[in-house]
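Me: Please take a close look at the salt bridges here, and describe them in one connected account.

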Amino acid sequence: MTVRTTRRVFLSAATMMAAALAATACGSPQDTASGGGDSAAPVKVGLVYSQSGALASYGKQYIEGFKAGLDYATKGTNKVGDRAIEVTEVDDAGDPAKAVSAAKDLIGKGTKIIAGSTASGVALQVAPIAAQNKVLFISGPAATDAVTGANKYTFRSGRQSYQDVVTAKSFIGDPTGKKVVVFAQDGAFGDANEAAVKTVIGGAGATVSSVRAPASATEFTPFASQIKAAKPDLLFVAWAGTTAPAMWQTLDQQGVLSSTTVVTGLDIRASWPTFGAAGSKISFLSHYFDGASDTEAAKALKAKVGTVDLFHPDGFAAAQMVVRAVQEGGDDVDKMVAALEDWSFDGIKGRMTIRAADHALLQPMYQAKLTGSGTEFTASAQKSLTGDETAPPAVAMKG
């Protein structure tokens, strides 16, 4: 889950370990799009993602980003050397069972590279299939920390939840002695967010408490009063569902937004109007938004899709990783894996590095603000955090 107001689940990690970058691991997949196997047979790539269902809007951004990234990484040829990249798209509708079935079908037809996974639940079911069949799996927008270190064949092209929470922590500087309140709904969604904040920010020295509301709540004044009484240095809001506009309006009217630093995740552009008049008073952690970076890859993406949104970079990076894997590995999946491990490349967000130890994707993250109102909101970056600053603790590879 991203800490955005409408989704994702946080899972904590262990201790941090830095990975050394081999000199040969640097560069852009655009630099050497000329290898890729001994024959001219197409390279089969299966994209299993949400074309329909609750996360269809995320899936749409992912596939647009992938196509733009493939064009960029192959210099417009959609080929690696003489080999065409043959992409098959399958809709999993956010259903893990459908995704597993689709992945098995693609693998049975000779596909050695699977990418996609808009939903975390899907990614966690497809990852073991990749290991069992020794195929490369590049998970997409799915942000659950559990994808990192799942097995040697599983990678990710997006960020993970730990990187979201570390970005939230950056808003209060040194957390030692600070008071943090998590405002979330009762249930698994709220439990996961509270646990993540306690692990990441509480573990860094802050005192973390929570104010929880029933998912059915429509009156938020009592909760706003509890928050104000706690006098937090940081209020971390994780909210899902259609009551978000009323919740934000109440926090604003009751003076919560003017009394402390309020942080939440910046979701896709279509969700921004839900913040209403509160939008300009909130501090946002952000994976990406249009204009967050000015890299060559970002310019190429914008030229292809127009307005860039939250999950376009995940698809773009996936395509860059596919091209790199085929360039260096041909049809040998173990060589593909080796080619991606410790590889640094220039992506939409800037310098990206795949940590060999657990396949975490180290990448920049952003502090953001909204200006304007409603459908006219504009996002701007207040600060960019480096991949090292937001690196999750390294975990042991599970398979």
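Reply: In this predicted model, a network of salt bridges (each a side-chain nitrogen of Lys or Arg within 4 Å of a carboxyl oxygen of Asp or Glu) links D186, D191, E194, K198 and R212. The structure holds 17 salt bridges, and three further pairs can be followed one by one. Local features need pLDDT of at least 70 and side-chain atom pairs 80 or more, whereas totals for chains, interfaces and linings use all residues. Numbering runs from 1 along each chain as its sequence is written, and side-chain values use heavy atoms, with hydrogens and water left out.

D164 and R159 meet through their side chains at 3.0 Å, N to O, and both residues are buried (under 20% relative accessible area, with exposed meaning over 50% and partly exposed in between, for a 1.4 Å probe and protein chains only). D290 counts as buried at 18% relative accessibility, whereas K302, at 39%, is partly exposed.

Helix α9 (residues 296–305) also carries K304, whose side chain meets that of D71 in a salt bridge of 3.8 Å, N to O. Because D71 lies in helix α1, this pair ties together parts that are 233 residues apart in sequence. D71 is partly exposed, with a relative accessible area of 24%, and K304 counts as exposed at 52%.

Note on methods: Helix = DSSP H or I, 4+ residues; strand = E, 2+ residues; numbered from the N terminus.
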